[in-house]
Amino acid sequence: ELRRSVIRLAQGRVLEIGSGAGANFTHYDPARVTKLYALEPNPNMMALAEGERRRTKLDVEYLELPGERIPLQDRSIDSVVSTFTLGTIPDVLAALQGMRRVLKPEGKLVFLELGLSSEASVRRWQKCWEPAAYWLFEGLHLTRDIPSILREGGFCIESLETKYLAAFPKSWTFCIWGTARAQARN
């Protein structure tokens with residue numbers, strides 16, 4: 001339900017960073033999304049995503065590249081979507097700079113991410129579990145401070161909400177979502 005409500009915020013020409021196996025595809029509103037660019041560096045995931053794409057009426061174009069290299073024109077995208085991806089991109093600031101570059105001035109970043117908890121006791125457990133999460137989930141960082149990273153990457157957060165997706169283990173389920181806009185370019 002959370003994924004569905006966040007994805008519905010995307011509109012126009014959309015770039016999804018780390019589209020994986022296409023878990024978000026059925027949540028996009030085809031009446032509001034004119035084109036979906038699905039950026040995913042893993043060709044096996046893109047093959048899996050094709051099954052999800054067939055369940056929609058979306059115009060999807062796959063881009064087999066990592067999040068740091070976005071092969072789209074400057075200011076050509078209305079919405080960038082990132083779900084459970086910013087915690088796995090090795091050079092997340094470079095990826096955010098690319099997202100900023102392709103977003104139209106009125107465009108927005110829609111995000112749903114795992115990240116650093118607001119509770120000190122949970123943060124301690126996140127630091128303990130970080131090496132296991134990194135190994136098990138292809139580079140997942142449980143301790144990334146998503147709001148700070150977004151600001152450092154040149155975004156102004158418009159809306160931000162948080163909650164634990166499960167009561168246990170809290171250290172693996174602190175979720176952050178919302179929207180952000182690119183700061184004015186110089």
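**Entry 1: ground rules.** I'm working from a predicted model, not an experimental one.

I started with Asp29, which is partly exposed at a relative accessible area of 21%. That is a close call, because buried means under 20% here.

**Entry 2: charge pairs.** What does the side chain of Asp29 meet in a salt bridge? I found Arg8 at the other end, at 4.0 Å from N to O. The two sit in distant parts of the chain, 21 residues apart: Asp29 is in the loop between β1 and β2 (33-39), and Arg8 is in the loop between α1 (2-7) and β1. Arg8 is partly exposed too, with a relative accessible area of 34%.

I then searched the whole structure and got 10 salt bridges. One of them joins Glu50 to Arg54, with the closest N and O atoms 3.9 Å apart. Arg54 is exposed, and I noted 61% for its relative accessible area. I also logged Glu52 with Arg55, whose side chains meet at 3.0 Å, N to O. Is Glu52 partly exposed, and how does Arg55 count, buried or exposed? Glu52 comes out partly exposed at 22% relative accessibility, while Arg55 is exposed at 59%.

**Entry 3: cysteines.** How many disulfides does a search of the whole structure find? I got 0. I looked at two cysteines anyway. Cys128 is exposed, with a relative accessible area of 57%, whereas Cys175 is buried at 0% relative accessibility. For the record, a disulfide is a covalent bond between the sulfur atoms of two cysteines.

**Entry 4: the core.** In soluble globular proteins, nonpolar side chains tend to be buried together. I went looking for that and found a largest nonpolar core of 28 residues. Leu15, Val80, Leu96, Met99, Leu109 and Phe155 have the most contacts inside this core. Which elements each supply at least two of its residues? My list reads β1, β2, β4 (77-83), α3 (92-102), β5, α5 (146-152) and β7 (174-182). The top contributor is α3, which gives 5 residues.

**Entry 5: the largest pocket.** I got about 730 Å³ of space in the largest pocket. Its lining has 31 residues, and those nearest the centre are Gly18, Glu40, Phe84, Thr85 and Thr88. By class I count 14 nonpolar, 11 polar and 6 charged residues in the lining. Both β1 (12-17) and β5 (103-114) supply at least two of the lining residues.

Entry 6: Most residues other than glycine have a negative phi, and most peptide bonds are trans. I wanted the exceptions.

Phe84 came up again, as one of the residues nearest the centre of the largest pocket. Its phi is near 55 degrees, a positive value in a residue other than glycine. Phe84 lies in the loop between β4 and α3 and is partly exposed, with a relative accessible area of 29%.

Glu138 has a positive phi as well, near 50 degrees. I placed Glu138 in the loop between α4 and α5, and it is exposed, at 64% relative accessible area.

Which peptide bond is cis, with omega near -5 degrees? I found it running from Phe168 to Pro169. Pro169 sits in the loop between β6 and β7.

**Entry 7: pairs across the chain.** I finished with two C-alpha distances. Glu161 and Trp177 are 16 residues apart in sequence but 5.4 Å apart in space. Glu161 belongs to strand β6 (residues 155-164) and is partly exposed, with a relative accessible area of 48%.

Glu119 is in the loop between β5 and α4 (120-136), partly exposed at 30% relative accessibility. I put its C-alpha 9.8 Å from that of Ser171, which is 52 residues away along the chain.

Notes. Residues numbered from 1 in each chain as written. Predicted model: local features only at pLDDT ≥ 70, side-chain atom pairs only at ≥ 80, totals over all residues. Heavy atoms only, no water. 1 Å grid on protein atoms, 1.4 Å probe; cavity = no way out; pocket = protein on both sides within 12 Å on 5 of 7 lines; lining within 4 Å. Points joined across faces, edges and corners; volume = space filled by probe spheres on them. Helix = DSSP H or I, 4+ residues; strand = E, 2+ residues; numbered from the N terminus. Nonpolar A, V, L, I, M, F, W, Y, C, P; charged D, E, K, R; others polar. Buried < 20%, exposed > 50% of the residue type's maximum accessible area, 1.4 Å probe, protein only. Disulfide = S-S within 2.5 Å. Core = buried A, V, L, I, M, F, W, Y, C linked by side-chain atoms within 4.5 Å.
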